[in-house]
Amino acid sequence: MNYDLIVIGSGPGGYVAAIRASQLGLKTAIVERESLGGICLNWGCIPTKALLKSAQVFEYINHAADYGIKTASAEADFAAVVKRSRGVAEGMSKGVQFLMKKNKIDVIMGTAKVKPGNKVSVSAADGSQKELSAKNIILATGGRSKELPSLKQDGKKVIGYRQAMVLPEQPKSMVIVGSGAIGVEFAYFYATMGTKVTVVEFMENIVPVEDEDISKQLLRSFKKAGIDVMTSSSVESVDTSGIGCKVQVKTASGMQTLECDIVLSAAGVVANIENIGLEETGIKTEKGKVVVDAFYNTNVKGYYAIGDIVSGQALAHVASAEGIICVEKIAGHSPEALDYNNIPGCTYCTPEIASVGYTEKAAKAAGYELKIGKFPFSASGKASAAGAKDGFIKMIYDAKYGELLGAHMIGANVTEMIAEIVVARKLETTGHEMLKAVHPHPTMSEAIMEATADAYGEVIHL
């Protein structure tokens, strides 16, 4: 079975690469060992957003009186919430199946291993094996929950994100280790549903990749929501021998013992690069990632890698962009290399977080002289009307040339607003141009214009 391209892994990197290849006339196959759509569609981005929406609806109902609405007491049906989430994921996976058929891509179910000579062996669930060959092979095998030495996952009491989405019953208490996107999203979900949540973070601030002002605001919002947060702390051990868990946490003031029903390990992801034939094929790796150039060539001709298994942000939209660039280069086009400093990051807890470009700290370290403006949603008419006054928008500009260096947002619906900044930075928009671009009123997005005005000493509504 000979192809122009074989893609291994059908997550948002793999299936997007396969579709773009088909559009460009390449005879394409995709190999998947579990479910089409990969982790993102089945166990990541999509089902978690369904869970978070249910929590948000529950929160709205519980605060209906704030909007002048009388309701009966609401009760969350945890099993039904989980069932809805799984239904949403299943629907999205079926959508990818349709796209594969529409684009005439051969879908081969099984576990793939690359071999020398542009070959791929596939082991099916029934034990049968087949060998494929292709001029080009893209590895898009994704990542999985990182397991810490002090936090061995048993899938029952100490769990990863997959189990957190399908727990048979809601825990009364939970300790979440790690406060990246996965950790804080589950913290919001479970706390809103009624679980007592404690977040333990090794770094000084929660959501440590974000601008420090964002981290401080989320901490305030979480505390107001009843979520306990322990920063500069590490889990040393977990005792699961009893009914629940006893978690030993090392803090600046000494050891503390936390008791809970469930411990969720949310300490990041690790690349799936084991047992996929890298050693046999001679493909180079470094620090747990496949080494590639700007167009995703590995050191072995005809073999490429994209997504979570290469360096760069482990995000679905990054993997998709990489897949498209990689395939267009294979097809003889001249795509532009991806600008990793203009990748938006979004976190879907409440309040939401969205950011792109330099943080204030990173911009100063890069030697820029800065103009910084902030506009709080407490001063926004739309935010007040919506009852969503938590948060702000922070805009960072180069003082010399007006270059838009970065934007950092926390508040309702900011994940829908960050794309404006991504496009503006791509077009090399200046602070003056952002300031003079009329934004509609009343909207949350006009806070971008107001924050820019604040940076230039022209803010009206503060």
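**View 1. Cys349 is buried, with a relative accessible area of 0%.** Buried means under 20% relative accessible area, exposed over 50%, and partly exposed in between (1.4 Å probe, protein chains only). The model is predicted: local features need pLDDT of at least 70, side-chain atom pairs count only at pLDDT 80 or more, and totals for chains, interfaces and linings use all residues. Residues are numbered from 1 along each chain as its sequence is written, and side-chain values use heavy atoms, with hydrogens and water left out. The closest cysteine sulfur to that of Cys349 belongs to Cys346 and lies 11 Å away, too far for a bond.

**View 2. Cys40 and Cys45 form a disulfide.** A disulfide is a pair of cysteine sulfur atoms within 2.5 Å. By this rule the count is one. The sulfur atoms of Cys40 and Cys45 are 2.3 Å apart. The link is left-handed, with -130 degrees about the S-S bond. Cys40 is buried at 10% relative accessible area. Cys45 is partly exposed at 29%. Cys346 is in no disulfide; the nearest cysteine sulfur, that of Cys45, is 11 Å away. Cys346 is itself buried, with a relative accessible area of 18%.

**View 3. Helix α7 covers residues 212–224.** Helices (H or I, at least four residues) and strands (E, at least two) are DSSP runs, numbered from the N terminus. The expected span of a helix is 1.5 Å times one less than its number of residues. At the start of α7, a side-chain oxygen of Asp211 comes to within 3.1 Å of the backbone nitrogen of Asp213. Gly226 follows α7 and has a positive phi, near 85 degrees.

**View 4. α7 has buried residues and exposed lysines.** Ile214, Ser215, Gln217, Leu218, Ser221 and Phe222 are the buried residues of α7. They cover an arc of only 165 degrees around the axis, which puts them on the same side of α7. The arc is that of the directions from the helix axis to the C-beta atoms. Lys223 and Lys224 are exposed on the other side of α7. The cover over the buried residues includes α6 (181–193), β11 (228–230), β21 (352–357), β23 (392–398) and β24 (404–411).

**View 5. Five strands form an open, parallel sheet.** The strand order is β8-β15-β9-β10-β11. β8 (158–159) and β11 stand at the edges, each with a single partner strand, so one side of each has no neighbour in the sheet. Two strands pair if DSSP finds at least two bridges between them. β9 pairs with β10 (residues 196–200) in the parallel sense over five bridges. Val177 stands opposite Val200 in β10.

**View 6. Ser173 is in strand β9 (residues 173–177).** Ser173 is buried at 16% relative accessibility. Contact means heavy atoms within 4.5 Å. Leaving aside residues up to four places away in sequence, Ser173 touches Thr195, Lys196, Glu259, Cys260, Asp261 and Ile262. The side chain of Ser173 also reaches the backbone nitrogen of Asp261 at 3.1 Å. Pro442 is 269 residues from Ser173 along the chain, and their C-alpha atoms are separated by 40 Å.

Terms used: Polar contact = N/O pair within 3.5 Å; in protein donor to acceptor, adjacent residues only side chain to side chain.
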